[in-house]
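Hi everyone, thanks for coming. Please take a look at the structure on the screen, and then I'll walk you through some of its contacts.

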Amino acid sequence: MKKQIKLYLLTGFLGAGKTTFLMKVLEELKDQKVAVIMNEFGKVGIDGEIIRKDDLKLVEINRGSIFCSCLELSFVSALLEMVEQDMDYVFVESSGLADPSNIGEFLRLVEKRKGQVYDYSGAICIVDGVQFPEQLIEIETVERQLRFCHLVILTKTDLISKQQKEDVILKIKQVNSKVDIIESENGVYKKSFLDENLMASTWVETEDTTNTPENKPKTLTLTFDSPVSQDDFTKFLKVFQKDIYRMKGFINFETGWKQVDVVGSIIDFKDSEEKAQGSHFVIISKVGFQIVKPIFAAWEETFNIPMKLR
């Protein structure tokens with residue numbers, strides 16, 4: 001029998017740290033043949049640019065959730081493509097707004113075509129210790145991701161108090177009482193999951209996903225060519241920050257290129273390499289098309305250069 005490919009699903013709400021976690025796992029598996037299926041809601045993939053390297057097989061699926069019927073064919077095709085590449089591991093990083101409760105349907109479709117080529121090794125949910133309590137109340141997807149996972153990586157524990165961390169762990173256990181939790185500080189986790197049997201206790205059956213073409217959030221891509229002030233760009237973002245789930249991209253500032261990540265009230269800047277296609281920034285809206293007018297108004301008030309919003 002041909003070897004099975006170990007398949008892991010990475011879930012977690014927008015900005016929790018899935019890509020950072022994945023980069024550390026890829027380093028741990030640098031001597032193995034590893035592939036990544038990267039899923040983002042935006043038309044332009046940002047995270048794929050961050051992890052891309054010559055020896056990594058990467059497939060990007062954008063414009064929605066891979067668990068929605070709108071991308072079902074793309075997701076199954078990507079899984080089948082990886083089988084032909086003779087991989088040791090495949091990691092699926094789903095969008096932060098993805099509800100993975102129907103993952104079993106996709107595995108059955110692959111099995112019908114190729115047999116038991118995948119060893120589904122579990123869903124790992126990345127939980128943002130800072131934002132999680134509010135997210136759990138407001139966003140159904142957060143609860144669904146937790147309920148259908150087999151391991152939790154609790155991130156940003158260095159940014160919360162001991163009592164806040166205990167409260168977060170209690171809330172996680174209220175949703176999923178059997179899941180193990182690994183804490184991460186400053187992006188570092190001390191225990192590897194790769195030799196663990198995460199599927200030892202599978203307690204939730206496949207259900208229909210809540211992701212549908214009708215409830216897909218509005219995602220916009222903002223592009224421009226000229227360098228801008230970092231202070232002015234921060235001022236621009238703060239005008240409509242409360243009405244977005246997530247913003248991220250690469251911006252050409254007067255001081256150099258930076259990767260910009262916005263989660264909740266936090267705006268993070270990291271040095272980045274130059275991007276030939278110009279500044280590009282993905283915005284995922286909480287309020288649908290209503291976000292468009294405030295963005296244009298804030299841009300005109302802050303900058304005197306052209307930009308495109310699509």
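A quick word on the model: it is predicted, so local features need pLDDT of at least 70 and side-chain atom pairs count only at pLDDT 80 or more, while totals for chains, interfaces and linings use all residues. Residues are numbered from 1 along each chain as its sequence is written, and side-chain values use heavy atoms, with hydrogens and water left out.

Let's start with the rings. A pair of aromatic rings is described by the distance of the centres and the angle of the planes. Here, rings of Phe, Tyr and Trp (its six-membered ring) pair if their centres lie within 6.5 Å; planes under 30 degrees apart count as stacked, over 60 as edge-to-face and the rest as tilted. How many aromatic pairs does a search of the whole structure find? The search finds 19. One of them is Y8 with F193, edge-to-face, with 5.1 Å from centre to centre and 80 degrees between the planes. This pair links distant parts of the chain, 185 residues apart: Y8 is in strand β1 (residues 5-11), and F193 is in the loop between β8 (188-189) and β9 (219-224). Helices (H or I, at least four residues) and strands (E, at least two) are DSSP runs, numbered from the N terminus. Y8 and F193 are both buried, and buried means under 20% relative accessible area, with exposed over 50% and partly exposed in between (1.4 Å probe, protein chains only).

Next come F13 and Y245, whose ring centres are 5.9 Å apart with planes at 80 degrees, so this pair is edge-to-face too. F13 lies in the loop between β1 and α1 (18-28) and Y245 in strand β10 (residues 244-253), so parts 232 residues apart in sequence are tied together. F13 is buried, at 5% relative accessible area, whereas Y245 is partly exposed at 22%. There is also a cluster linked by ring pairs, and its members include F224, F253 and W299.

Now, strand β9. Five of its six residues are buried, so β9 is largely enclosed by the rest of the structure. Which strand pairs with β9 over six bridges? That is β13 (residues 279-285), in the antiparallel sense, where T219 stands opposite I284. Two bridges also join β9 to strand β14 (residues 308-309), again antiparallel, with L222 opposite L309. For two strands to pair, DSSP has to find at least two bridges between them.

On to the surface. V130, L159 and I266 form a nonpolar patch with about 230 Å² of accessible area together. Patches are made of residues with over 30% relative accessible area and no salt bridge: like charges are joined within 9 Å, nonpolar side chains (Val, Leu, Ile, Met, Phe, Trp, Tyr) within 5 Å. The areas come from the Shrake-Rupley method with a 1.4 Å probe; for residues, only the protein chains shown count as cover.

Last, salt bridges: a side-chain nitrogen of Lys or Arg within 4 Å of a carboxyl oxygen of Asp or Glu. The structure holds 16. In one of them, K258 meets D271 at 2.6 Å, N to O. K258 lies in strand β11 (residues 256-263) and D271 in strand β12, so the pair ties together parts 13 residues apart in sequence. Is K258 buried or exposed? K258 is buried, at 15%, while D271 is exposed at 66%.
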